[in-house]
Amino acid sequence: MAELCPPPQMEPQESIYHWLPTREEEPPKAPLRYVSSFRPSLQREMEETRKAPCQTMGIPKLQVPTPKEYLRKHAKERKLPQGTHERVKRQPIKALLPLQSDRPLMGVQSEKNFVTANVAEAIMAVAKKPLHACVDQRRGEKFLLDDSGLVQRFLKKKVGALPCPGAGGQEIASDPLLPLQDFGVTPKYIQRRKKEAVDVRKERAAARRECLQKRRLTRLSSRERESILEGLKNNWEEINKDFQSLSMEITTIPQRLRKEKLETEMKQLEHDIAALEKHKFIYIAGE
């Protein structure tokens with residue numbers, strides 16, 4: 001059975017709790033965001049370093065034009081750039097074809113006998129030397145060896161032959177009695193450097209002699225050097241003999257002092273002997 005009317009709704013019952021004040025819930029607060037303490041100084045530095053107008057946000061600050069510089073006609077029209085490519089030059093016009101009415105000269109004959117002339121030229125012509133070439137492929141492709149750097153040309157160079165190739169790659173012969181100016185000749189820069197080296201050695205020798213003359217140095221002869229060296233060695237042997245004769249046990253102060261004195265003298269003699277043997281030339285300064 002269909003219901004004709006809905007049932008009555010139940011009314012909420014009254015309660016004393018409905019009259020109590022209710023506390024409104026506060027929405028949750030968002031957590032605080034971290035802010036650096038250097039942010040103001042950083043912003044100030046960025047504003048100071050921002051100089052170019054294109055790096056700013058918004059309209060750049062430009063100087064306002066004066067009323068005298070008003071906008072003129074056709075001032076904003078865009079001018080097309082001039083073309084940089086070059087146009088292709090036209091080929092010269094060829095000569096016109098002869099007309100049909102033009103007729104060549106008739107009856108002109110030459111008295112030259114071309115058969116005899118060709119025979120005479122062939123007999124008088126100089127035979128060409130074969131090209132110095134190398135075949136590197138089976139198809140017959142070859143390359144010349146004269147200018148390739150693989151042939152030692154200057155070892156077999158003849159006097160009076162110029163290096164420039166003539167017709168057919170062979171060398172052009174010149175006067176056999178005229179020697180070549182660029183064959184076996186020392187280059188000029190090497191001669192100049194040799195001369196400069198000789199001049200430097202002479203200058204150094206002159207400066208050394210002048211220095212010796214200023215200091216009044218005299219060179220010790222080889223005989224005097226040998227005699228001094230022999231005397232130093234004899235003195236070292238005598239001192240060494242005295243040193244070997246000392247007692248094994250040093251008990252008193254005079255014995256220790258004598259031993260130290262002999263050791264010092266021997267070291268000094270050894271140093272002098274080594275200096276004389278090392279240096280061949282010795283100079284003595286004058287008073």
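Colleague: What are the ground rules here?
Modeller: The model is predicted: local features need pLDDT of at least 70, side-chain atom pairs count only at pLDDT 80 or more, and totals for chains, interfaces and linings use all residues. Residues are numbered from 1 along each chain as its sequence is written, and side-chain values use heavy atoms, with hydrogens and water left out.

Colleague: How many helices and strands does the protein chain have?
Modeller: Five helices and six strands. These are DSSP runs, numbered from the N terminus: helices are H or I with at least four residues, strands are E with at least two.

Colleague: In what order do the elements run?
Modeller: From the N terminus, α-α-β-β-β-β-α-β-α-α-β.

Colleague: What share of the residues is buried?
Modeller: 7% of the 287 residues in the protein chain. Buried means under 20% relative accessible area, exposed over 50%, and partly exposed in between (1.4 Å probe, protein chains only).

Colleague: And the accessible surface of the chain? What does it come to?
Modeller: About 30400 Å², with 57% belonging to carbon and sulfur atoms. Areas come from the Shrake-Rupley method with a 1.4 Å probe; for residues, only the protein chains shown count as cover.

Colleague: Which residues make the largest nonpolar core?
Modeller: Ten of them: L220, L229, L232, I239, L262, M266, L269, I273, L276 and I282. Elements giving two or more residues to this core are α4 and α5. The largest share, five residues, comes from α5. A nonpolar core is a set of buried Ala, Val, Leu, Ile, Met, Phe, Trp, Tyr and Cys residues joined through side-chain atoms within 4.5 Å.

Colleague: Take L262. What is it in contact with, neighbours within four places aside?
Modeller: I239, D242, F243 and L246. Contact means heavy atoms within 4.5 Å.

Colleague: Switching topic. How many salt bridges?
Modeller: Two. The rule is a side-chain nitrogen of Lys or Arg within 4 Å of a carboxyl oxygen of Asp or Glu. R225 pairs with E226 at 3.4 Å, N to O. The other joins E277 and K233, whose closest N and O atoms are 3.5 Å apart. That pair links distant parts of the chain: E277 sits in helix α5 (residues 253-278) and K233 in helix α4 (residues 222-244), 44 residues apart.

Colleague: Which residues make the nonpolar surface patch?
Modeller: I16, Y17, W19 and L20, giving about 590 Å². Patches take residues with over 30% relative accessible area and no salt bridge; like charges are joined within 9 Å, nonpolar side chains (Val, Leu, Ile, Met, Phe, Trp, Tyr) within 5 Å. Y17 lies in the segment before α1 (39-49). Y17 counts as exposed because its relative accessibility is 63%.

Colleague: What about the backbone at H74?
Modeller: Phi of H74 is near 60°, a positive value in a residue other than glycine. H74 is in the loop between α1 and α2 (114-124).

Colleague: How many disulfides?
Modeller: Zero in the whole structure. The test is a pair of cysteine sulfur atoms within 2.5 Å. C134 is partly exposed at 29% relative accessible area, and C211 is partly exposed at 31%.
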